[in-house]
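Dear colleague,

I am handing over the structure below, and my notes on what was found in it follow. Please read them with the model open.

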Amino acid sequence: MKPREFIYHLVEPSEKSERKVFRFYDWLMLASIIMGIFPLTFKGHHTMFLIFDLISGILFIIDYLLRWLTADLHLRRGWHSFIR
């Protein structure tokens, strides 16, 4: 499997996740969603909440970049996929 195909299978959710790394990535993204929402439930500003927010933000940016990198494998429209 080529590196871009591996990344595509990593970021695209699938019920046929045969590798543990794919399932780990899904759980990591779910945890980052919860970690990003958790600070919003409290009115106070705590250092731990800022760290949670920073980590979840970085994970979402990385996820977005990986999805953009493999857009042509998902949409199959050549370079137009990166714009869409």
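From the N terminus on, the elements of the protein chain run α-α-α-α-α, which amounts to 5 helices and 0 strands, where helices (H or I, at least four residues) and strands (E, at least two) are DSSP runs numbered from the N terminus. Please keep in mind that this is a predicted model, in which local features need pLDDT of at least 70 and side-chain atom pairs count only at pLDDT 80 or more, whereas totals for chains, interfaces and linings use all residues. Residues are numbered from 1 along each chain as its sequence is written, and side-chain values use heavy atoms, with hydrogens and water left out.

Of the 84 residues of the protein chain, 24% count as buried (under 20% relative accessible area, with exposed over 50% and partly exposed in between, for a 1.4 Å probe and protein chains only). The accessible surface of the chain comes to about 6800 Å², of which 69% belongs to carbon and sulfur atoms (Shrake-Rupley method, 1.4 Å probe; for residues, only the protein chains shown count as cover).

Helix α3, residues 47-69, contains Asp-63, which is buried at a relative accessible area of 11%. Leaving aside residues up to four places away in sequence, Asp-63 touches Val-11, Tyr-25 and Met-29, a contact being heavy atoms within 4.5 Å. Trp-68 also lies in helix α3, but Trp-68 counts as partly exposed, at 44% relative accessibility.

Best regards
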